[in-house]
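Let's work through a few exercises together. Keep the structure open beside you and take each solution one step at a time.

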Amino acid sequence: MHTRQSLLVVLPHPGNESYPMGATLAKYATEGAEITLICATLGELGIPDMEPAEAAIIREKELRAAASVLGIGKVQFMRYQDGSLSNIDPEQVISQLMNAMRRIHPKVVITFGPDGISAHPDYVVISRLVPIAYDRSILRSFLPLSARLFYSAPSEATRQGRGVIPSQETAGRPVASIEITDYRLNKVRAIQCYASQNPPYKGKPEDEIDNLACYEYFTLARPIGKFADSTDLFAPLKEQS
């Protein structure tokens with residue numbers, strides 16, 4: 001049981017936490033991990049034919065509801081405008097992330113991989129800046145040397161939610177395979193919180209769980225080395241034999 005382990009998730013839009021990694025977050029929350037989610041935007045451009053300000057209110061409520069279902073203890077918004085991240089001074093974003101890492105002192109940080117797991121510019125920006133913030137935080141002792149950075153790895157779980165196939169940029173790196181059979185109900189319920197996004201799995205959650213993959217995958221991005229695959233984000237890293 002991972003009592004009081006700290007996990008930081010940094011993602012661009014509401015919903016990013018539920019589709020590719022929702023069951024994993026529910027698993028670790030149940031096992032006692034303290035989970036903080038930082039969402040860069042409110043996803044206010046994500047509801048067609050609705051004014052961004054109105055959409056922002058809806059999507060924030062949806063994310064907070066999903067976070068409650070998954071057991072995410074803290075939700076923080078950077079409140080950048082949806083679609084604007086490529087125009088923001090990257091040092092500003094990096095500084096905010098470093099301050100969060102210093103405050104939270106997580107053992108595990110999760111974000112998307114270098115390709116942003118999709119072509120959306122906001123996804124790409126966040127996926128590129130989080131590793132920089134991580135590296136600088138390690139150098140300044142904001143993070144313990146044992147902290148690790150994982151990318152959400154495209155898999156059957158992400159294909160089901162977003163139609164995303166595996167990236168070649170992280171091919172060959174160690175992978176954490178998280179068995180999430182017992183937490184699929186949490187994931188379905190979290191996904192269904194996003195009514196504005198016309199989510200899949202519209203039936204009773206108990207009837208939908210068998211439509212979900214039983215594993216979610218994460219690629220180890222930091223530290224860099226010849227480490228073996230694992231089944232636990234918090235497990236001690238083992239050298240490949």
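A residue is called buried under 20% relative accessible area, exposed over 50%, and partly exposed in between (1.4 Å probe, protein chains only). The model is predicted, so local features need pLDDT of at least 70 and side-chain atom pairs count only at pLDDT 80 or more, while totals for chains, interfaces and linings use all residues. Residues are numbered from 1 along each chain as its sequence is written, and side-chain values use heavy atoms, with hydrogens and water left out.

**Exercise 1.** Find Asp49 and decide: is Asp49 buried or exposed?

*Solution.* Start in the loop between strand 2 and helix 2, where Asp49 is found. Helices (H or I, at least four residues) and strands (E, at least two) are DSSP runs, numbered from the N terminus. Next, take the relative accessible area of Asp49, 88%, which means that Asp49 is exposed. Finally, look at the backbone: Asp49 is not a glycine, yet has a positive phi of about 65°.

**Exercise 2.** Work out how helix 2 and helix 6 are oriented to each other.

*Solution.* First, note the angle between helix 2 (residues 52-70) and helix 6 (residues 184-192): about 170°, with the axes 8 Å apart. Axes are lines fitted to C-alpha atoms, for helices over the stretch in contact, and angles run from 0 to 180 degrees between N-to-C directions. Second, compare with the classes: under 35 degrees is roughly parallel, over 145 roughly antiparallel, 65 to 115 roughly perpendicular, and the rest oblique. Helix 2 and helix 6 are therefore roughly antiparallel. Third, list the residues in contact (heavy atoms within 4.5 Å): Ala66, Val69 and Leu70 of helix 2 with Asn186, Lys187, Arg189 and Ala190 of helix 6.

**Exercise 3.** Which orientation do helix 3 and helix 4 have to each other?

*Solution.* The axes of helix 3 (residues 90-104) and helix 4 (residues 121-139) come within 9 Å and cross at roughly 55°. The two helices, helix 3 and helix 4, are therefore oblique to each other. To finish, inspect the contact: the residues of helix 3 include Val93 and Leu97, and those of helix 4 include Leu129 and Ala133.
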